[in-house]
Amino acid sequence: MKNKLVDLFKIQYPIVQGGMIWNSGYKLASAVSNAGGLGLIGAGSMYPEVLREHIQKCKKATDKPFGVNVPMLYPNIEEIMNIIVEEGVKIVFTSAGNPKTWTPFLKQHGITVVHVVSSSKFALKAQEAGVDAIVAEGFEAGGHNGREETTTLTLIPMVREKITVPLIAAGGIATGRGMLAAMVLGADGVQMGTRFIASKESSAHDNFKNLLLDVQEGDTVLTLKELAPVRLIKNEFYAGLQALYAKNPSVEDLKEYLGRARAKKGMFEGDLVEGELEVGQISGLIHKIEPVSDIVKNIIAEFDQAKRDIAQL
């Protein structure tokens, strides 16, 4: 398969694995890259030296391109960026911050830079900052999300109309048919997060992976907009949050209830009661945990079949 995104990353298929906190260690990233996509190490859940270790292990596990996803709101961001340069990482996805802050630094070191946005406005700003590609993420996506609540179906064509750099669609995509739909709307490829949580190689806890298979339509919700909007599974933690909302809490009240390491507790340690369990709405289409190689193979087979089906319309 050849297009602008495949050429930019030097990969076989225009499939990017989301760099999710607590789910995206080197085993997942290298497996996706070995399967022909672009694997991403999720730096958001790693101390700097842990990130260095994962980069080094990923380089040993694959000779294919891979990247690092960096949420720019973390206090040790400078140390993280220096490690990325020192370790020779070639591709960086940035999010949760101003792309002008780090794009020039990364590009000075020959790194391909991609920025994640949730609106046309910020897509334009990212393009003006000099990024090489943009991820436009609809609010169907799991984890931290845009405040606008724009769906992928409407976001992708609107962003495509505004920008000229390669465009990656994210949010609500887990199948070959979803991939084709996003590309028909103007995307050059797709980023999938939730689909790769339910993989053998994901660093998520087995409790979390297995729960994901039971998630149905309506079982996730976008909440905590006063802090940073996040889509998660409705569980006891969420029920307690709703009870707090009924009392008109302050931002400080919400921060106190959230506490520290809720996402780690749920997704990495497997506490399905008190943990924050971040997944996308597309979970209802995921029915089994598979090796990454099978996931990618099945996505591409379905993509090719969907193209043949559409040709008959």
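**Entry 1: strands S3 and S4**

I began with strand S3 (residues 66-71) and S4, which pair in the parallel sense over 5 bridges. My note on the terms: helices (H or I, at least four residues) and strands (E, at least two) are DSSP runs, numbered from the N terminus. Two strands pair if DSSP finds at least two bridges between them. I also reminded myself that strands of a sheet pair through backbone hydrogen bonds, either parallel or antiparallel.

Before going on I noted that this is a predicted model, where local features need pLDDT of at least 70 and side-chain atom pairs count only at pLDDT 80 or more, while totals for chains, interfaces and linings use all residues. Residues are numbered from 1 along each chain as its sequence is written, and side-chain values use heavy atoms, with hydrogens and water left out.

From S3 the chain crosses through helix H4 (residues 77-86) to S4, a right-handed β-α-β crossover. Right-handed here means that, with the strands pointing away from the viewer, the path from the first strand over the helix to the second runs clockwise.

**Entry 2: how covered are they?**

How many residues of strand S4 (residues 91-95) are buried? I found 5 of the 5, so S4 is largely enclosed by the rest of the structure. Buried means under 20% relative accessible area, exposed over 50%, and partly exposed in between (1.4 Å probe, protein chains only). Ile91, Phe93 and Ser95 point one way from S4, Val92 and Thr94 point the other way, and all are buried.

**Entry 3: the strands on either side**

Strand S2 (residues 39-42) pairs with S3 in the parallel sense over 4 bridges, and Leu40 has Gly67 as its bridge partner in S3. The path from S2 to S3 goes through H3, in a right-handed β-α-β crossover.

S4 is also joined to S5 by 4 bridges, and these two strands run parallel. Val92 stands opposite Val113 in S5. S4, helix H5 (residues 99-108) and S5 make a right-handed β-α-β unit.

**Entry 4: Leu51**

I stopped at Leu51, in helix H3 (residues 48-61). Is Leu51 buried or exposed? At 0% relative accessibility, it counts as buried. Leaving aside neighbours within four places in sequence, Leu51 is in contact (heavy atoms within 4.5 Å) with Ile41, Ala43, Met46, Val68, Ile80 and Ile84. Leu51 and Ile80 are 29 residues apart along the chain, yet their C-alpha atoms are separated by 7.8 Å.

**Entry 5: Ser119 and two packed helices**

Ser119 sits in the loop between strand S5 (112-117) and helix H6 (120-128). It is buried, with a relative accessible area of 11%, and touches Glu148, Leu155 and Val159, not counting residues up to four places away in sequence.

H6 itself packs with helix H7 (residues 152-162) at an angle of about 40°, with their axes 9 Å apart. Axes are lines fitted to C-alpha atoms, for helices over the stretch in contact, and angles run from 0 to 180 degrees between N-to-C directions. On the H6 side I listed Ser120, Ala123, Leu124 and Gln127, and on the H7 side Leu155, Met158, Val159 and Lys162.

**Entry 6: a second sheet**

I also looked up an open sheet of 3 strands, in the order S7-S11-S10, with antiparallel pairing. Its edge strands are S7 (143-144) and S10 (220-223), each pairing on one side only. Helix H11 (residues 236-245) packs on the sheet, touching S10 and S11, and its direction makes about 40° with that of S10. S7 is joined by 2 bridges to strand S11 (residues 230-233), where Val230 stands opposite His144.

Most residues other than glycine have a negative phi, and most peptide bonds are trans. Leu224, in the loop between S10 and S11, has a positive phi near 55°. Leu224 is also buried, at 4% relative accessibility.
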